[in-house]
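Q: I am new to this structure and would like to go through it step by step. Could we start with the strands?
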Amino acid sequence: MCQLLGMNCNIPTDICFSFEGFRRRGGETDHHSDGWGIGFFEGPGCRLFLDWQSSCKSPVAELVRNYPIRSTNVIAHIRKATIGQISLANTHPFLRELWGKYWLFAHNGDLKTLPPFAGSRFQPVGSTDSEQAFCWLLEALASQFTAEPPTQTLTTALKTLVAELSQYGSFNFLLSNGETLFAHCSTNLHYVVRKAPFGNAHLVDNDISVDFSSVTTSTDRVAVIATLPLTDNEAWYAMQPGELLVFRDGEPLPAT
(Lines give C-alpha, C1' and ligand atoms only; values in the text may rest on other atoms or scores of the structure.)
Protein backbone atom coordinates (compact mmCIF):
# COMPACT_ATOMS: atom_id res chain seq x y z
CA MET A 1 0.00 0.00 0.00
CA CYS A 2 0.97 3.65 -0.48
CA GLN A 3 1.30 6.29 2.23
CA LEU A 4 -0.29 9.71 2.58
CA LEU A 5 0.79 12.99 4.14
CA GLY A 6 -1.33 16.11 4.47
CA MET A 7 -1.05 19.46 6.21
CA ASN A 8 -3.72 22.07 6.93
CA CYS A 9 -2.85 25.32 8.76
CA ASN A 10 -4.30 28.67 9.76
CA ILE A 11 -1.22 30.50 8.40
CA PRO A 12 1.22 29.54 5.62
CA THR A 13 3.65 26.98 7.06
CA ASP A 14 6.46 24.86 5.65
CA ILE A 15 6.27 21.08 5.76
CA CYS A 16 10.04 20.43 5.74
CA PHE A 17 10.17 18.64 9.12
CA SER A 18 7.32 16.23 8.39
CA PHE A 19 8.46 15.69 4.80
CA GLU A 20 11.98 14.79 5.98
CA GLY A 21 10.59 11.77 7.84
CA PHE A 22 7.90 10.94 5.29
CA ARG A 23 10.19 10.83 2.25
CA ARG A 24 12.43 8.26 3.93
CA ARG A 25 9.54 5.81 3.86
CA GLY A 26 9.87 5.85 0.08
CA GLY A 27 12.50 3.12 -0.15
CA GLU A 28 14.66 3.65 2.97
CA THR A 29 12.67 2.92 6.14
CA ASP A 30 9.79 1.34 4.18
CA HIS A 31 9.19 -0.15 0.73
CA HIS A 32 7.07 2.53 -0.97
CA SER A 33 9.57 3.17 -3.75
CA ASP A 34 7.42 3.43 -6.91
CA GLY A 35 7.21 7.21 -7.18
CA TRP A 36 6.14 10.16 -5.07
CA GLY A 37 4.58 13.59 -5.32
CA ILE A 38 3.64 16.67 -3.33
CA GLY A 39 1.32 19.61 -3.99
CA PHE A 40 1.34 23.03 -2.26
CA PHE A 41 -1.55 25.46 -2.50
CA GLU A 42 -0.61 29.13 -2.68
CA GLY A 43 -3.75 31.24 -2.97
CA PRO A 44 -5.74 29.91 -5.93
CA GLY A 45 -2.59 28.37 -7.44
CA CYS A 46 -0.93 25.04 -6.74
CA ARG A 47 2.71 23.97 -7.04
CA LEU A 48 2.98 20.29 -7.95
CA PHE A 49 6.17 18.20 -7.83
CA LEU A 50 6.07 14.60 -9.14
CA ASP A 51 8.73 11.95 -9.73
CA TRP A 52 8.50 8.28 -10.64
CA GLN A 53 11.74 7.66 -8.70
CA SER A 54 11.69 6.72 -5.01
CA SER A 55 11.40 9.70 -2.67
CA CYS A 56 14.47 8.70 -0.64
CA LYS A 57 16.67 9.03 -3.77
CA SER A 58 14.84 11.57 -5.90
CA PRO A 59 16.72 14.83 -6.56
CA VAL A 60 13.30 16.53 -6.76
CA ALA A 61 12.54 15.35 -3.22
CA GLU A 62 15.88 16.76 -2.12
CA LEU A 63 14.90 20.11 -3.64
CA VAL A 64 11.57 20.10 -1.77
CA ARG A 65 13.27 19.08 1.49
CA ASN A 66 15.57 22.11 1.31
CA TYR A 67 13.06 24.60 -0.08
CA PRO A 68 10.71 25.83 2.69
CA ILE A 69 7.61 26.48 0.58
CA ARG A 70 4.92 27.90 2.85
CA SER A 71 1.34 26.82 2.34
CA THR A 72 -1.90 26.40 4.26
CA ASN A 73 -2.78 23.14 2.49
CA VAL A 74 -0.37 20.43 1.36
CA ILE A 75 -0.89 16.86 0.11
CA ALA A 76 1.96 14.38 -0.44
CA HIS A 77 2.06 10.72 -1.46
CA ILE A 78 4.61 7.91 -1.75
CA ARG A 79 3.59 5.02 -3.97
CA LYS A 80 3.73 1.25 -3.76
CA ALA A 81 2.34 0.27 -7.16
CA THR A 82 -0.58 -2.17 -7.20
CA ILE A 83 -2.58 -1.06 -10.26
CA GLY A 84 -0.80 0.71 -13.12
CA GLN A 85 2.86 0.73 -14.09
CA ILE A 86 5.53 2.91 -12.51
CA SER A 87 5.33 6.16 -14.47
CA LEU A 88 4.92 9.89 -14.05
CA ALA A 89 1.29 9.70 -15.23
CA ASN A 90 0.49 7.29 -12.41
CA THR A 91 2.12 9.36 -9.68
CA HIS A 92 -0.03 11.07 -7.02
CA PRO A 93 -1.27 13.66 -6.15
CA PHE A 94 -3.63 14.26 -9.06
CA LEU A 95 -4.83 17.76 -9.91
CA ARG A 96 -8.06 18.89 -11.61
CA GLU A 97 -10.20 22.04 -11.84
CA LEU A 98 -13.77 22.11 -10.52
CA TRP A 99 -15.98 25.20 -9.89
CA GLY A 100 -13.07 27.49 -10.79
CA LYS A 101 -10.71 25.97 -8.20
CA TYR A 102 -7.93 23.43 -8.28
CA TRP A 103 -8.63 20.18 -6.44
CA LEU A 104 -5.75 17.98 -5.28
CA PHE A 105 -6.19 14.28 -4.47
CA ALA A 106 -4.08 11.35 -3.28
CA HIS A 107 -5.22 7.82 -2.45
CA ASN A 108 -3.92 4.91 -0.43
CA GLY A 109 -5.66 1.60 -1.01
CA ASP A 110 -6.80 -0.81 -3.69
CA LEU A 111 -10.11 -0.49 -5.52
CA LYS A 112 -10.78 -3.70 -7.41
CA THR A 113 -13.45 -2.19 -9.66
CA LEU A 114 -15.23 1.14 -9.97
CA PRO A 115 -18.80 2.18 -10.81
CA PRO A 116 -19.32 3.45 -14.37
CA PHE A 117 -18.61 7.09 -15.15
CA ALA A 118 -21.65 9.38 -15.15
CA GLY A 119 -20.12 11.85 -17.63
CA SER A 120 -17.07 12.71 -19.66
CA ARG A 121 -15.67 15.95 -18.24
CA PHE A 122 -13.09 14.27 -16.00
CA GLN A 123 -10.97 11.52 -17.53
CA PRO A 124 -7.89 9.75 -16.12
CA VAL A 125 -4.57 10.25 -17.90
CA GLY A 126 -2.82 7.30 -16.25
CA SER A 127 -3.98 3.77 -15.47
CA THR A 128 -4.39 3.79 -11.68
CA ASP A 129 -7.58 3.02 -9.79
CA SER A 130 -6.80 6.13 -7.73
CA GLU A 131 -7.02 8.62 -10.58
CA GLN A 132 -10.15 6.90 -11.89
CA ALA A 133 -11.75 7.23 -8.44
CA PHE A 134 -10.80 10.93 -8.29
CA CYS A 135 -12.35 11.57 -11.71
CA TRP A 136 -15.47 9.64 -10.70
CA LEU A 137 -15.82 11.72 -7.53
CA LEU A 138 -15.45 15.05 -9.35
CA GLU A 139 -17.83 13.97 -12.11
CA ALA A 140 -20.45 13.04 -9.50
CA LEU A 141 -20.00 16.34 -7.63
CA ALA A 142 -20.15 18.39 -10.83
CA SER A 143 -23.42 16.68 -11.78
CA GLN A 144 -24.94 17.52 -8.38
CA PHE A 145 -23.77 21.13 -8.01
CA THR A 146 -23.29 23.79 -10.69
CA ALA A 147 -21.27 25.89 -8.22
CA GLU A 148 -19.34 25.02 -5.10
CA PRO A 149 -21.81 24.39 -2.25
CA PRO A 150 -21.27 25.31 1.42
CA THR A 151 -18.78 23.06 3.20
CA GLN A 152 -21.46 21.25 5.20
CA THR A 153 -23.48 20.46 2.05
CA LEU A 154 -20.34 19.33 0.21
CA THR A 155 -19.30 17.12 3.12
CA THR A 156 -22.70 15.43 3.19
CA ALA A 157 -22.48 14.73 -0.54
CA LEU A 158 -18.93 13.42 -0.22
CA LYS A 159 -19.92 11.03 2.56
CA THR A 160 -22.53 9.43 0.30
CA LEU A 161 -20.18 9.18 -2.68
CA VAL A 162 -17.26 7.89 -0.61
CA ALA A 163 -19.45 5.22 0.99
CA GLU A 164 -20.32 4.01 -2.52
CA LEU A 165 -16.69 3.91 -3.66
CA SER A 166 -15.57 2.21 -0.44
CA GLN A 167 -17.66 -0.81 -1.35
CA TYR A 168 -15.11 -1.57 -4.06
CA GLY A 169 -12.06 -1.79 -1.77
CA SER A 170 -9.76 0.20 0.47
CA PHE A 171 -10.18 3.96 0.06
CA ASN A 172 -7.98 6.12 2.31
CA PHE A 173 -7.59 9.53 0.69
CA LEU A 174 -6.78 13.23 1.08
CA LEU A 175 -8.61 15.87 -0.96
CA SER A 176 -8.19 19.65 -0.89
CA ASN A 177 -9.31 22.76 -2.76
CA GLY A 178 -6.69 24.97 -1.09
CA GLU A 179 -9.06 26.12 1.66
CA THR A 180 -10.33 22.88 3.19
CA LEU A 181 -8.72 19.46 3.46
CA PHE A 182 -10.89 16.32 3.52
CA ALA A 183 -9.40 13.13 5.00
CA HIS A 184 -11.12 9.75 4.70
CA CYS A 185 -10.01 6.66 6.58
CA SER A 186 -10.69 3.17 5.30
CA THR A 187 -7.91 1.29 7.12
CA ASN A 188 -5.13 3.57 8.44
CA LEU A 189 -5.02 7.33 8.81
CA HIS A 190 -3.77 9.42 11.77
CA TYR A 191 -3.54 13.10 12.62
CA VAL A 192 -2.00 15.46 15.13
CA VAL A 193 -2.89 19.11 15.82
CA ARG A 194 0.02 21.33 16.85
CA LYS A 195 -0.92 24.50 18.71
CA ALA A 196 0.15 26.50 21.76
CA PRO A 197 1.78 25.56 24.01
CA PHE A 198 4.11 24.10 21.39
CA GLY A 199 6.69 21.49 22.35
CA ASN A 200 9.41 19.26 20.95
CA ALA A 201 8.75 16.69 18.22
CA HIS A 202 11.00 13.77 17.22
CA LEU A 203 10.77 11.90 13.91
CA VAL A 204 10.18 8.15 13.79
CA ASP A 205 12.13 7.66 10.55
CA ASN A 206 15.14 9.86 11.29
CA ASP A 207 16.84 10.99 14.49
CA ILE A 208 15.77 14.61 14.09
CA SER A 209 13.90 16.79 16.56
CA VAL A 210 12.48 20.30 16.40
CA ASP A 211 11.31 22.62 19.14
CA PHE A 212 8.20 24.17 17.60
CA SER A 213 7.98 26.79 20.35
CA SER A 214 11.03 28.47 18.82
CA VAL A 215 9.56 28.74 15.30
CA THR A 216 5.88 29.50 15.95
CA THR A 217 3.62 32.13 17.50
CA SER A 218 0.91 31.56 20.09
CA THR A 219 -1.83 31.78 17.45
CA ASP A 220 -0.37 29.25 14.99
CA ARG A 221 -2.27 26.03 14.46
CA VAL A 222 -1.16 23.14 12.23
CA ALA A 223 -2.86 19.81 11.55
CA VAL A 224 -0.71 17.04 10.07
CA ILE A 225 -2.38 13.94 8.66
CA ALA A 226 -0.44 10.79 7.80
CA THR A 227 -1.04 7.11 7.13
CA LEU A 228 1.13 6.28 10.14
CA PRO A 229 2.43 8.70 12.81
CA LEU A 230 5.58 10.56 11.78
CA THR A 231 6.74 11.37 15.32
CA ASP A 232 7.10 9.19 18.42
CA ASN A 233 6.51 11.77 21.17
CA GLU A 234 3.26 13.46 20.11
CA ALA A 235 -0.40 12.51 20.63
CA TRP A 236 -1.53 11.24 17.24
CA TYR A 237 -5.20 10.37 16.86
CA ALA A 238 -6.20 7.26 14.92
CA MET A 239 -9.15 7.87 12.62
CA GLN A 240 -11.86 5.22 12.55
CA PRO A 241 -12.68 3.16 9.43
CA GLY A 242 -15.36 4.98 7.46
CA GLU A 243 -14.61 8.34 9.11
CA LEU A 244 -14.43 11.49 6.97
CA LEU A 245 -12.85 14.50 8.68
CA VAL A 246 -12.85 18.06 7.39
CA PHE A 247 -9.84 20.21 8.33
CA ARG A 248 -9.81 24.00 8.15
CA ASP A 249 -7.47 26.53 9.74
CA GLY A 250 -5.37 23.78 11.32
CA GLU A 251 -8.02 21.69 13.08
CA PRO A 252 -10.87 19.31 12.30
CA LEU A 253 -14.29 20.92 12.05
CA PRO A 254 -16.99 19.70 14.43
CA ALA A 255 -18.89 16.67 13.17
CA THR A 256 -22.24 17.41 11.53
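Q: In which sense do strand S6 and strand S7 pair, and over how many bridges?
A: This is a predicted model. In it, strand S6, residues 101-108, pairs with strand S7, residues 172-176, in the antiparallel sense. Five bridges link S6 and S7.

Q: Which residue in S7 does Asn108 stand opposite?
A: Asn108 has Asn172 of S7 opposite it.

Q: What holds paired strands together in general?
A: Strands of a sheet pair through backbone hydrogen bonds, in either a parallel or an antiparallel arrangement.

Q: Which sheet do S6 and S7 belong to, and what is the strand order?
A: They are part of an open sheet of six strands, ordered S5-S6-S7-S8-S14-S15, with antiparallel pairing.

Q: Which strands are at the edges?
A: The edge strands are S5, residues 94-98, and S15, residues 251-252. Each of these pairs on one side only.

Q: Which strands of the sheet does H3 touch?
A: Helix H3 packs on the sheet and touches S5, S6 and S7. The direction of H3 makes about 10 degrees with that of S5.

Q: And which strands does H4 touch?
A: Helix H4 also packs on the sheet, touching S6, S7, S8 (181-184) and S14 (244-248). Its direction makes about 145 degrees with that of S14.

Q: How do the axes of H3 and H4 meet?
A: The axes of H3, residues 129-144, and H4, residues 151-166, come within 11 Å and cross at roughly 135 degrees. Because of that angle, H3 counts as oblique to H4.

Q: Left-handed or right-handed crossing?
A: H3 passes H4 in a right-handed crossing.

Q: Which residues make the contact?
A: On the H3 side, the residues are Ala133, Trp136, Leu137, Ala140, Leu141 and Gln144. H4 contributes Leu154, Ala157, Leu158, Leu161, Glu164 and Leu165.

Q: Moving on to S1: which strand pairs with it over eight bridges?
A: That is S4, residues 70-78, which pairs with S1, residues 3-14, in the antiparallel sense. Within this pair, Asp14 stands opposite Arg70 in S4.

Q: What about S1 and S12: how many bridges?
A: S1 and S12, residues 221-226, pair over five bridges, in the antiparallel sense. Here Gly6 stands opposite Ile225 in S12.

Q: New topic: how many disulfides does the structure hold?
A: It holds zero disulfides. For Cys46, which is in none, the nearest cysteine sulfur is that of Cys9, 14 Å away.

Q: Is Cys185 buried or exposed?
A: Cys185 is buried, because its relative accessible area is 0%.

Note on methods:
Residues numbered from 1 in each chain as written. Predicted model: local features only at pLDDT ≥ 70, side-chain atom pairs only at ≥ 80, totals over all residues. Heavy atoms only, no water. Disulfide = S-S within 2.5 Å. Buried < 20%, exposed > 50% of the residue type's maximum accessible area, 1.4 Å probe, protein only. Pairing = 2+ DSSP bridges. Helix = DSSP H or I, 4+ residues; strand = E, 2+ residues; numbered from the N terminus. Axes fitted to C-alpha atoms, helices over the stretch in contact; angles between N-to-C directions. Parallel < 35°, antiparallel > 145°, perpendicular 65-115°, else oblique. Left-handed = near helix turned anticlockwise from the far one by under 90°. Contact = heavy atoms within 4.5 Å.
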